[in-house]
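Good morning, and thank you for coming.

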Amino acid sequence: MFINETDFQSELLYDLEYLKRRPGIAMPLQNRVLPTGDIVADPGRGLFTGNRGILHRPDGSLGPSRWKHPHWVCCLLRFKDRYHGPMPDRGWTALFFLDEAVALAAGHRPCHECRRADARRFRAAWEDANGSVAGLGDIDKALHRARVRRDRQQVRHEARAENLPDGTFILASDPALVLGDVIYQFTPAGYAAKQTRPSGMVTVLTPAPTVRALAAGYRPVLHPSAA
C-alpha cells in the first residue's frame, strides 16, 4: 500500500509557522525515528507521526528517556483537519517516520483513534499470527518485550530472508525494506538503491510478532520511493 506526498509542503509550512511562535527552538528537532529504533535530527519529511509520551525538554531537545509508556503508536499527520506541528504544546512528544514499515520496525503499531480501520486490520492479523488478545494493552506488552531491552537497545532476531513477508526491515549493509524479490536501502529522505533479496539467514529489525502479523496479511503503508 502506497501513499502520495501531496501534503508534505503544507506540513513544512506549518512547521515554519511553528518556528515563528517558538523562536528559541532549534530545527531540525531530534524526532525522526529510524528502523533501528534510533531517534535522530534530520530534515527529511515523513508520512506518519507517533507517540511514546513526553520525551523532550522545554527547549525542544530530546531528554534521556526514549519512552514513558508502552503504548507506542503510529498516527496520521492530520486527523480531523488538524496538524499538531513538530512539537505539540502539551501532552506528548511527536515522533516522525518515513512510512509505516519504519514505524513497525521501530516497534510501533497503528493508532486506534486516528487510524481505527488500520488498527483493526493489524489486530486481526496479530491474533491470526500470535493468538487472541483481550485488548490493545496485551499487544503493547508483547511488543515491548520484542522491540527493546532495558538498556534501550533494539531487540533483533535472525530469520531466513526468503521467508520474510513484505514490509519487514532487515539489516544488510544498512537497514533495508523487504518488498517482493528486492530489498530497498533506507534513508531518512526515502528509499534508495534496490538489490536482489538475499537468501539465507539475515538480521531482522522488525519485531518478531509484527513480522508474523505481516505474514498473516497486514499491509503497511509505504513511502512512494519504494514503488
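**A buried arginine and its surroundings**

Arg32 is buried, since its relative accessible area is 11%; buried here means under 20% relative accessible area, exposed means over 50%, and partly exposed lies in between, with a 1.4 Å probe and protein chains only. Before I continue, please note that this is a predicted model, in which local features need pLDDT of at least 70 and side-chain atom pairs count only at pLDDT 80 or more, while totals for chains, interfaces and linings use all residues. Residues are numbered from 1 along each chain as its sequence is written, and side-chain values use heavy atoms, with hydrogens and water left out.

Arg32 belongs to strand 1 (residues 30-33). Strands (E, at least two residues) and helices (H or I, at least four) are DSSP runs, numbered from the N terminus. The side chain of Arg32 makes a polar contact of 3.4 Å with that of Asn31. By polar contact I mean a pair of N or O atoms within 3.5 Å; within protein, one must be able to donate a hydrogen and the other to accept it, and residues adjacent in sequence count only if both atoms are side-chain atoms. Leaving aside residues up to four places away in sequence, Arg32 touches Asp38, Ile39, Val40, Asp42, Gly44, Arg45, Gly46 and Phe96, where contact means heavy atoms within 4.5 Å.

**Strands**

Let us turn to strand 3 (residues 48-51). Strand 3 runs antiparallel to strand 4 (residues 73-76), and four bridges join them; two strands are said to pair if DSSP finds at least two bridges between them. Within this pairing, Thr49 has Cys75 of strand 4 as its bridge partner. Strand 3 also pairs with strand 5 (residues 95-97), again in the antiparallel sense, over three bridges. There, Phe48 is partnered by Phe97.

Elsewhere, six strands form an open sheet in the order 7-12-8-9-10-11, with antiparallel pairing. Strand 7 (157-160) and strand 11 (190-196) stand at the edges; each has a single partner strand, so one side of each lacks a neighbour in the sheet. On average, neighbouring strands of this sheet are turned by 45° against each other, direction ignored; the axes are lines fitted to C-alpha atoms, for helices over the stretch in contact, and angles run from 0 to 180 degrees between N-to-C directions. Inside the sheet, strand 9 (residues 175-179) and strand 10 (residues 182-187) are joined antiparallel over four bridges. Leu179 has Val182 of strand 10 as its bridge partner.

**Helix 5 and what follows**

In helix 5, the buried residues are Pro209, Thr210, Val211, Ala213 and Leu214. Their cover includes helix 2 (100-105), helix 3 (116-130), helix 4 (136-147), strand 7 and strand 12 (201-204). Gly217 follows helix 5 and has a positive phi, near 125°.

His223 also lies in the segment after helix 5 (208-215). Is His223 buried or exposed? His223 counts as buried, because its relative accessibility is 3%. The side chain of His223 forms a polar contact of 2.7 Å with that of Ser225.

**Salt bridges**

How many salt bridges does a search of the whole structure find? The search finds eight, a salt bridge being a side-chain nitrogen of Lys or Arg within 4 Å of a carboxyl oxygen of Asp or Glu.

One of them joins the side chains of Arg109 and Asp140, at 2.6 Å from N to O. This pair links distant parts of the chain, with Arg109 in strand 6 (residues 109-110) and Asp140 in helix 4, 31 residues apart. Arg109 and Asp140 are both buried.

Glu162 and Arg160 form another salt bridge, their closest N and O atoms being 2.8 Å apart. Glu162 is partly exposed at 37% relative accessibility, and Arg160 is partly exposed with a relative accessible area of 39%.

Asp166 forms a salt bridge with Arg197, with the closest N and O atoms 3.6 Å apart. Asp166 lies in the loop between strand 7 and strand 8 (169-171), and Arg197 in the loop between strand 11 and strand 12, 31 residues apart. Asp166 counts as partly exposed at 31%, whereas Arg197 counts as buried at 16%. Finally, salt bridges that share partners connect Glu100, Arg115, Asp118 and Arg121 in one network.
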